[in-house]
Amino acid sequence: MAPHPGIDTDHIQEKARKDLLDLLEGVRGKKNLVIEKSLAGPIGIFVKFSTLQDHGVDKVFFLENDNVDASQKNVIFLARGENANQPMAVAEQIKRLQKQSSIEHEFSVVWVPRRTLVCNKILEEAGVLGDVGVEELPLHFIPLEQDVLSLCLDDSFKDLYLRKDPTSIFLAAQALMPIQQAHGLFPRIIGKGDNAHRLMELLFRMRSEAAADESTTSRFGLMPSASIESLIIIDREIDFATVLLTQLTYQGLIDEMFGIQDNQAEIDSSIVGSAPGPQQSARSPAAPAQQGLKRKIQLDSSDKLFEQLRDTNGAIVDGLLNKVARRLQSDMESRHAAKTTSEIRDFVNKLPGYQTEQQSLKTHIGLTEEIMKNTQGDIFRRTLEVQQNLYDGSDPSYQHDTIEELISRDIPLTSILRLLCLESCISGGLRAKDLDNFKRQILHAYGYQHLLTLDALEKIGLLSSRASANVLFNPIGMGGGAAEATKTNYNYLRRVLKLVVDEINEQNPNDIAYVYSGYAPLSVRLVQSVIQKQHLLTITKGVSAASNGVSSAAPGWQGFDDALRNIKGETFHKVQKGDEQAVKARHMLAGTGGKVKTVVVMFLGGITFTEIAALRFLAKMEEGRRKILICTTDILSGDRMVEAAIERRDFGRG
Amino acid sequence: MSNPTADWERVGDRFYRKIKLYDAVFDQDLELENYVIAGAPCAGAIALYRDEAKLHTYRGSQTSKSGIDVYSCAGKLIRRLNWDKGSIRGLGWSEDEKLLVITEDGVVRCYYDLQGDFTQFSLGNGAEEHGVKGCRFWFTGFVAILSNNHLIAVSHYNEPRPKLLAIPPEGIVHSWTVIPPAYTLSRSVEVLLAIDQTIYVVDSSEAEDRVLPNGPFKYVSVSPNGLYVTLYTEDGKVWVITSDFQNKVGEYESKAKTIPKDVQWCGNDSVLLAWEDEVHMIGPKGALLKYYYDGWVHLLADIDGVRIITNDVCEFLQKVHSATEDIFKIGSTSPASVLLDAVDQLDKKSPKADENIQLIRPNLPDAVAACVQAAGQEYSTHWQTQLLKAASFGKSVLDLYSSDDFVDMCEKLRVLNAMRDYRIGLPLSFEQYERLTAEKLIQRLINRREYLLAIRLSDYLRLPTNRIYVHWASQKVRDSTADEEAICEKVVNKLANKRGISFEHIARAAYDEGRSHLATQLLNHESRAGKQVPLLLSMSEDELALDKAIASGDTDLVFFVLLHLKKTLPLASFFRLLTSRPLATALVESSARDQDQSLLKDLYYQDDRRLDGANLLFSEALAQTAPQTKVDKLKLASKLIADNTKDPTASLYHKSFQEAQALIRLQTSLDNDLHGSDKVYTGLSLNATLHRLILSAHSKRATKAASEFRVPEKTLAWIRLRALVAKRDWAELEDIAAKNKRSSIGWEPYFNEILGAGNTKLAGGVFVAKCTGLTVRERSDMWVKCGMITRAGEELLKARDAEALEDLRARASGGGVGEIDRMIAQLRPKR
């Protein structure tokens, strides 16, 4: 993907790296680093372990393991300070070391992304604040790719929807502010969902706070950006169903089967072969001794082959791999054709490239084989069938036998919960009797502790009984004057936004629905309804938009108001105006040339790889007109979503 | 206009000048000799207090009131600070014009704004017992000496940390001084102590004797650049040595019979000795210059000279800058001097002006630069103008000249002249202004409440003005006697549309003054919640603080308020605050879940959230280790929701709690019966328990348990199937097939599972035939999966499906092909 001229993600990465290393340099001499587990992965994305060693880090410990030793005088803690747990753990460990250790330690604590009042208070109450140097590392967005920025907040989904703790909204706002500071105000902020609305309000609030801040003497906040077109905020809550479906792109499938964390997947080496060489190990500080049979695979655009494959539908990956294999073979064969010395030298120069390519080809063939083994299995097939019937809108009760059978067959709980939640989301809840029945079966099959799991799912809103649903879903949708919906009405949207697309060409996709082999993610359809109005109208209504009276330049949600009224939560569209004179002055200077502008899409509560693929598909369609920068609180999948609710303890203890 | 050299005096080969800054400085009645006096660096304010050790004439009750008076250099009283803290042992200034007052018992007061506001801290380290004897100051800190010679250093005044230096030897300290940290090798302050015949150098780690033979030294003084030290011996000799005590730079015999009252450096290359009304300047190489005064003289050393204060005058004694000297020295022919003359000629319309220019043509750029530089040194506006005119004339002749320096100098001179006005009384020299910087100068004006000038100056220098407005407003809310509404309105109106105004700062000033209503009102105009909340909390506006924190969206702030409130409020009122605020409740819940479950229990009880309460107890049951305590907790949980069994969720809970207890009991008894109380079954789910029972051939127990728990028939069938397959109990499976005509889950799953386990013989041999509900082709496919091509063919033959047989033939191999061919042949219509 081409780099963004507007927002340079490399720059963000470089700055994060520099900030961290400067902080490490700030402590003289060798030091032990104690790092919060959930930060280790994200930091591993932009700093290698060896770099940390170059900057004096001797050993790395996990905060959660509580095992930092007294081997170095200097100890640096690196943790998030947003809730009380980490500060308390830090305080405990400082006290423990002070008590146990014979040498006098120099402690520093680096809070990410900011020093909070709460961690001050906790350290103070623990009586250690005076003994530690406190710093902060303003680490907000971490670029996972050039077009994807993530806050890497593992718990953001759970916090937002289960615990109703809006910390991640605030952190998102804090992360978006520097973008506004660097590139100007988002000219428009468009969004859907209650949390999205709160984020928008926070952005406005922070703007006025920044103006009131004594230290800011810059003229920040006067001008809307020239390089950014708009900010679109999607609240995950408006579309749970998409996440619950099985992801069918290559990257999505890898995520479904092996799990991708911070651009890495841990995969059994019997599938992908053992590590090719020492240069790939110790990629991150989070990589402790390589676990016997597991191998960490880096999955990002540094692997060119993967970059080609990741967003394609999983069904065609083997074909593509075949092609690559054949090309690679013929490239390798070209050595026989090489006659002159210069030709041979040419070949030898390319050899390392061929070798890495071959290595990555081997890895991906291994992965694909494993994935195919799975997708051809009976359980996968039946799960997919249930999903498809559900989003097609057939009577969900026909699926109940299959789901019951799957429960009896003891397939992973997450899969069962995903199916039930999907049914609940799409059809506005299960009938009370069915729900009760399923609950009992789940408790029998997976243990009574899941009473808590089911309760949590209901609190999130993933599972509900139809009696308690305020709106009985009808495919006609809600009328014009109705208040905002309390649930997303998929039955209505299926038709209006054409969520189900029957003719899908997986080889040469013509619609985002290819990512789920026939289902277009609602969340991305919404983005389309802002930036691709004409196209979307043609798809949904089959008429040219011109006759419809909605120009493609219409701002915000215009043209799709009815659809939005049937989606949960607030709908908004705000224009950020700057100082008028300044705007005029810039018009005079720069004119309104047809520059390619960036659309920033922020997913609050997480985004799936499939949705990223769909957004990239949009970006490709829009190439030359606009670019899309994807921001999110975290990468999400159906499993991670229901796992937020799953109770992990059981009655077997003791 | 007087000649600029009129106040010059030659000292050795250099010139010094004494500029009269102001006259009629102090009231003639003020007996300066009875006062201790300290001046802030860079022409700052002067603090005076009456020396208690001296007698003074009684002048009625008015003057007997003790206090510290702060004057400007022009003698304008800025503020009288009342003093009632006991005897003062140290009075000094920091670079940013903070007045430090140290009492005998080691209390340090830091007056930070010239207006009587102060912070206070104690020296500790034994200062209270032994008493402070004296203090020496540098720009950012000071050292205090105690009567037992211990030294305590304070290196900065924000969060000051008094530190005891190394312990010097006992003995009478004849004199002492400090070398500021900036000029020492160790980068921490060093103290020079004259004890006995010698000097000790004390830093934080050691006290070192420098072994000087010529003591005792009555005065020790360090030059402003920290390179040289002056020592004055008892017998009237002045020694100048380098501050590392390696080289002697000069020696001078003062021949004075009385010991001077003060010894100070004037710049970095001459030393002043002061007696009551006489000042001697000792220049390099022992040159001497004497000044006589009518009254008592005080010396206030600065970075580039000395201010001399008497009742009548405030004078500044400094070395003449070389650029100035070059221009004005009698008989000077330097290009700059010629250029200055040219301007004179130009005024007289004399052609000599051009001659002059031609004369110095090659050196013109330097001459212009020198004139600009010299202008900065002048105090008289006349000569400033002349020199700048000369520079301007000179640069007009030059083809290429960057006017930046010129413009810059004009700007600075304008500032300096405004400051030197007697009404402001900040007679800064050019060097002092450069060192002080414009920002700090503006801060000085703010502290003097010269708001208008400060704003003008900021606008002129393009600096932010927000701090000035905030200070003005804070002052207003403190001092104004108008009613609070009016003050608030006035302040808000004045500050509307100004950027970067901290209303929190103003509100805090109002609150400190006891005007909490006004403070609350002002705080409403503060847009940054992070600033509002802590103040609101300290004002005990709990509810408001919580609401503001929630509105800010910053969970940290909400959390902070909640922590505070939980500590200060009774639990019931704390919960009452939560009830109408879902966000706060959510935060309390989510943090209590990790840390304080009992709080959570109380919260649920208070809000009558039975189900959540039951969940909590259930979760506690999970945490228990012994089966009995688990059961007990579950019973408690049941009891909590026993009342409302009509609610469907509650009834499910109720039932599940019962079942969970039953399961625990069942598993405990199973473990006891079958495994000698090893925990094999404990912790398994119901289905897993059944699976395990069947796997371990306790099928009867499984059936019994299944009926107790009313496991659906289908589920049990599946569990049995999977367990038997896992056990490879083919006989039992065959038995099931033989005994049952139909199965609740159909026979297909049997086929699939058995096939999946690899037993094609059983799968094909027994179960395909039982799948009667399937089509012929499906069944034939099943045969094929088992590798039984012939059977598949027979199936199709029975149905006379020739087409499928053809397909089958294509997939067959070896002997099978022949068989299939035979069957196809059978189906062919015989002709």
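Which residues does Q386(B) touch, not counting residues up to four places away in sequence? In this predicted model, Q386(B) touches L340(B), V343(B) and D344(B). Q386(B) belongs to helix α7 of chain B, which covers residues 381-397. Q386(B) counts as buried because its relative accessible area is 9%, under the cut-off of 20%.

A second residue of chain B can be described in the like manner. L21(B) lies in strand β2 of chain B, residues 14-23. With neighbours within four places in sequence left aside, the contacts of L21(B) are C314(B), E315(B), F316(B), Y379(B) and P427(B). L21(B) is buried, with a relative accessibility of 16%. Between L21(B) and F618(B) there are 597 residues in sequence and 85 Å in space, taken from C-alpha to C-alpha.

**Chain A as a whole**

Chain A contains 26 helices and 15 strands. Of the 654 residues in chain A, 56% are buried. When contacts in chain A between residues at least 6 apart in sequence are considered, 79% of them join residues at least 24 apart.

**The interface between chain B and chain A**

The size of an interface is often given as the accessible area lost when the parts come together. For chain B and chain A the buried area is about 5400 Å², and carbon and sulfur atoms give 55% of it. On the side of chain B, the residues that lose the most area to chain A are D556(B), L622(B) and L652(B), which together account for 12% of what that side buries. In terms of contacts, 54 residues of chain A meet 62 residues of chain B.

Polar and charged interactions also cross this interface. The rule finds five salt bridges between chain B and chain A. One salt bridge joins the side chains of D612(B) and K459(A), with 2.7 Å from N to O. Residue pairs in polar contact between chain B and chain A, with both residues at pLDDT 80 or more, number 18.

On the side of chain B that touches chain A, the elements giving two or more residues include α17 (542-552), α18 (555-568), α22 (610-623) and α24 (648-675) of chain B. The element that gives the most is α24(B), with nine residues. By residue class, this side of chain B consists of 26 nonpolar, 20 polar and 16 charged residues.

**Aromatic pairs**

A pair of aromatic rings is described by the distance of the centres and the angle of the planes. Over all chains, the structure holds 24 aromatic pairs. Two of these pairs are set out below.

| Pair | Centre to centre | Angle between planes | Geometry |
|---|---|---|---|
| F651(A) and F618(B) | 5.7 Å | 75° | edge-to-face |
| Y228(B) and W265(B) | 6.1 Å | 25° | stacked |

F651(A) is buried at 7% relative accessibility, and F618(B) is buried at 1%. F651(A) and F618(B) also belong to one aromatic cluster with Y653(B) and F657(B).

**Backbone features**

Most residues other than glycine have a negative phi, and most peptide bonds are trans. V112(A) and P113(A) are joined by a cis peptide bond, with omega about -5°. P113(A) lies in the loop between β4 (106-112) and α5 (117-125) of chain A.

In chain B, N125(B) is not a glycine and has a positive phi of about 50°. N125(B) is placed in the loop between β10 (118-122) and α2 (127-130) of chain B, and it is partly exposed, at 38% relative accessibility. V211(B), likewise a residue other than glycine, has a positive phi near 50°. V211(B) is found in the loop between β18 (207-209) and β19 (217-222) of chain B. V211(B) counts as exposed because its relative accessible area is 65%, over the cut-off of 50%.

Key
Residues numbered from 1 in each chain as written. Chains lettered and ligands numbered in written order. Predicted model: local features only at pLDDT ≥ 70, side-chain atom pairs only at ≥ 80, totals over all residues. Heavy atoms only, no water. Contact = heavy atoms within 4.5 Å. Buried area = accessible area lost by both parts, 1.4 Å probe. Salt bridge = Lys/Arg side-chain N within 4 Å of Asp/Glu carboxyl O. Polar contact = N/O pair within 3.5 Å; in protein donor to acceptor, adjacent residues only side chain to side chain. Helix = DSSP H or I, 4+ residues; strand = E, 2+ residues; numbered from the N terminus. Nonpolar A, V, L, I, M, F, W, Y, C, P; charged D, E, K, R; others polar. Phe/Tyr/Trp six-rings, centres within 6.5 Å; stacked < 30°, edge-to-face > 60°. Buried < 20%, exposed > 50% of the residue type's maximum accessible area, 1.4 Å probe, protein only.
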